[in-house]
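Subject: Structure handover

Hello,

I am passing on a structure for you to look at. Please open it first and then read the notes below.

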Amino acid sequence: MTEGKQPIIEIRNVSKRFGKVTAVDNISLDIRAGEFFVLLGPSGCGKTTLLRMIAGFEMPTEGQIIIDGQDMSLVPPNKRPVNMVFQSYAVFPHMNVTDNVGYGLRISGISKAETRDRVAEALELVKLGGFEDRMPDQMSGGQRQRVALARSLVMRPKVLLLDEPLSALDAKLRAQMQFELADLQDKVGITFVTVTHDQDEALSMASRVAVINKGEVAQLAPPSDLYEYPANRFVADFVGSVNIFEGTLTLDEPDKAAVDCPGLGKIYLNHGVTGPHGANVWIALRPEKIYLHVPGEGKAVRAAAQDAPDGHNLARGTIKGMSYLGDVTLYDIQLEGGHIIRVSRPNLSRHDQEDFTWDDKVSMHWRADSPVVLLS
Amino acid sequence: MFNRTAIAPLEYTRKLWMRSWVGLTMLFLYAPLVVLMIFSFNDSKRNVMWKGFTLKYYEKALNNDSLVEAMVNSLTIAFLATIISLVIGALAAVMLWRFRFPFKGLVEGTMSLPIIVPEICLGVAFLIFFAKLDWPTDLAWPLNLSAITIAHITFCFPFVAMVVRARLASFNREEEEAAKDLGATEWQAFRDVLLPHIKPSLVAGALLAFTLSLDDFVITFFTSGPDTITFPVKVYSMVRFSVTPEVNAASTILIILTVALTFIALKYQGVKGIAETH
């Protein structure tokens, strides 16, 4: 399967209104064959509605959904070449694993022998060999989810839809399942479309992510672009954590730009912005892209500052909050102008978190290509 | 006493006052039934003094054609009323759970009316209703039971609907959607997913309907004709002369029958399933 040639799902100007509420507002996007596509957004943004429209459980108020070149407007869910893994897994509680997984094949009249083979194959795929006779109430949430996965995969759908697949799992299992899902997708080559509100999940699994906000696509990009080049404040803020400062674009040339931020000072960038001069813009700066050091020492405490602060932006402040997370420590630093900026610092050695404490005066610097200028 | 371990706060079953309370409750509930059963073996025309063991009243009861006929009538009515109430009740419950339609609240309210309305009123209402309709009373068995059966369905199906409705509340709609997603038609999804889910409530509802119908006296009394005597009505007429051990014997048979039926249903369904319904 070559990516990018033929979209497997084409969503054309789709809107969905429930009474006066617009859940999905004129969304158009293509999902390519073989990709791991993630719909990411806060709860109530319309991402699940969009997924349910692809599955056929909701009808678009306007627009068209085309799956594999075929208009799905009048096709009921049981006739669509897609299968869904539900948020609650919806494993049939009165059937054992084999009967659950074989259900779709059984009612579509596939022979018993083939059903048996395909069920065994699907269970092997999701690592549930040996669980054939278990009842769902004898299984953990993670195992039930595998049953739901196998039950869908056994149908060999063109697209597998997953509604918040990991939200009910504990943190460890979730991390493991993220890898397994990506691995599984790679193995079976089926297009996966996943809905999630968890940005970690989206970043780790997706080949492309559509960030949905208030029924509209805020940005559609591969995960690293989403994080490093957010298109607007919503994406910058929703994906990862970020410091956002409002300012005025005072210099904008092909190789440099400057934004005057009240409270933070002048921010220099080593690239152009191509925004209107004097425009109101926002600077987005990720906490991990800021180096922290003791003022006046001239060099950063961290070795990373061998990158001399030449050409770096500088700021000063006082530590007002600390939160030790094990792998990193987060610092909330009050700038001289009163604004709070968040800095995260990796604990590269065991005592790194002891370098700074509350009310310490600190200097910060960051590379001129670290901030992102947002026009909206 | 002293070498026993102390009674823990939650070990109610080891507390004397609790045990005696449970004992008294059981006595209150079951003593009349036990007395009734014991005296069915009493070798005396009167139900007052124990005179000795005999089975002759069972023989007598079983040879009493009109009593047997009443028993058969009752069982037939209960059986028919249960089956039909089950279908109507389950469908009504599914309809109220599944769909939105005009006057839904009104439908829901009126449906449980037969449960609330005093039986005597329902009885009189049915009497007038069937009289106005000029409902034929001279049909061959079992068609002559139709009036009573209809009346019984009326007060049985709301109970079935109520129990099924309660069970439906715990149904995960995604299971039905999953079935359809896997290719099931509306009917297949109903048969394979929804029906198994509500099965315990159907068993519970059927038990409820069966026992309600079997021992109903008031409504039956108003709707039965001279040829359509049911067991409770027959017993009533027998008792008007005297309470003979024959009545006891017949009642004992009925008790054993219903207990056995309940037991089979519970066994078949698993007590857990029925307990979950409530």
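Predicted model: local features only at pLDDT ≥ 70, side-chain atom pairs only at ≥ 80, totals over all residues.

Sheet in chain A

Chain A has an open sheet of six strands, in the order β6-β7-β8-β3-β9-β10, with mixed pairing. Its edge strands are β6, residues 82-85, and β10, residues 216-221, and each of these pairs on one side only. From one strand to the next, the twist averages 20 degrees.

Are the faces of β6(A) covered or open? Both are covered. V82(A) and M84(A) lie on one side, N83(A) and V85(A) lie on the other, and all four are buried. As background, side chains in a regular strand alternate between the two faces of the sheet.

Helix α2 of chain A

Helix α2(A) spans residues 97-107. Its buried residues are V97(A), N100(A), V101(A), G102(A), Y103(A), G104(A) and L105(A). What do they pack against? They pack against two helices of chain A, α3 (112-125) and α4 (141-153). After α2(A) comes G109(A), which has a positive phi near 80 degrees.

Most residues other than glycine have a negative phi. Two residues of chain A are worth a look on this point.

D68(A) is not a glycine, yet its phi is positive, near 50 degrees. It sits in the loop between β4 (62-67) and β5 (70-71) of chain A. D68(A) counts as partly exposed because it has 17 C-beta neighbours inside 10 Å, and a residue needs 20 or more to be buried.

K127(A), also not a glycine, has a positive phi of about 60 degrees. Its place is in the loop between α3 and α4 of chain A, the two helices against which the buried residues of α2(A) pack. K127(A) has 13 other C-beta atoms within 10 Å, so it is partly exposed; the exposed class takes residues with 12 or fewer.

Nonpolar cores

The largest nonpolar core holds 138 residues. Which of its members touch the most other members? They are I54(A), L161(A) and V211(A).

For V211(A), leaving out residues up to four places away in sequence, the residues touched are L40(A), G41(A), A218(A), Q219(A), L226(A), V235(A), F238(A) and V239(A). There is also a second, separate core of 11 residues, which includes A61(B), L67(B), V235(B) and A250(B).

Contact between the chains

How many residues does each chain bring to the contact? Chain A brings 17 residues and chain B brings 14 residues. On the side of chain A that touches chain B, β6 and α2 of chain A each supply at least two residues. α2(A) gives the most, with three residues. By class, this side of chain A has 10 nonpolar, six polar and one charged residues.

Chain B

Chain B has 13 helices and zero strands. Its C-alpha atoms fill a box of roughly 75 × 70 × 30 Å along the principal axes. Of its 278 residues, 31% count as buried. Taking contacts in chain B between residues at least 6 apart in sequence, 78% join residues at least 24 apart.

The chain is divided into domain 1, residues 1-39, and domain 2, residues 56-277. The C-alpha centres of these two domains of chain B lie 34 Å apart. Their contact takes four residues from domain 1 and five residues from domain 2. On the domain 1 side of that contact, the residues divide into four nonpolar, no polar and no charged.

Regards

Conventions:
Residues numbered from 1 in each chain as written. Chains lettered and ligands numbered in written order. Pairing = 2+ DSSP bridges. Axes fitted to C-alpha atoms, helices over the stretch in contact; angles between N-to-C directions. Domains from an automatic or database assignment. Contact = placed C-beta atoms within 7 Å. Nonpolar A, V, L, I, M, F, W, Y, C, P; charged D, E, K, R; others polar. Core = buried A, V, L, I, M, F, W, Y, C linked by C-beta atoms within 7 Å.
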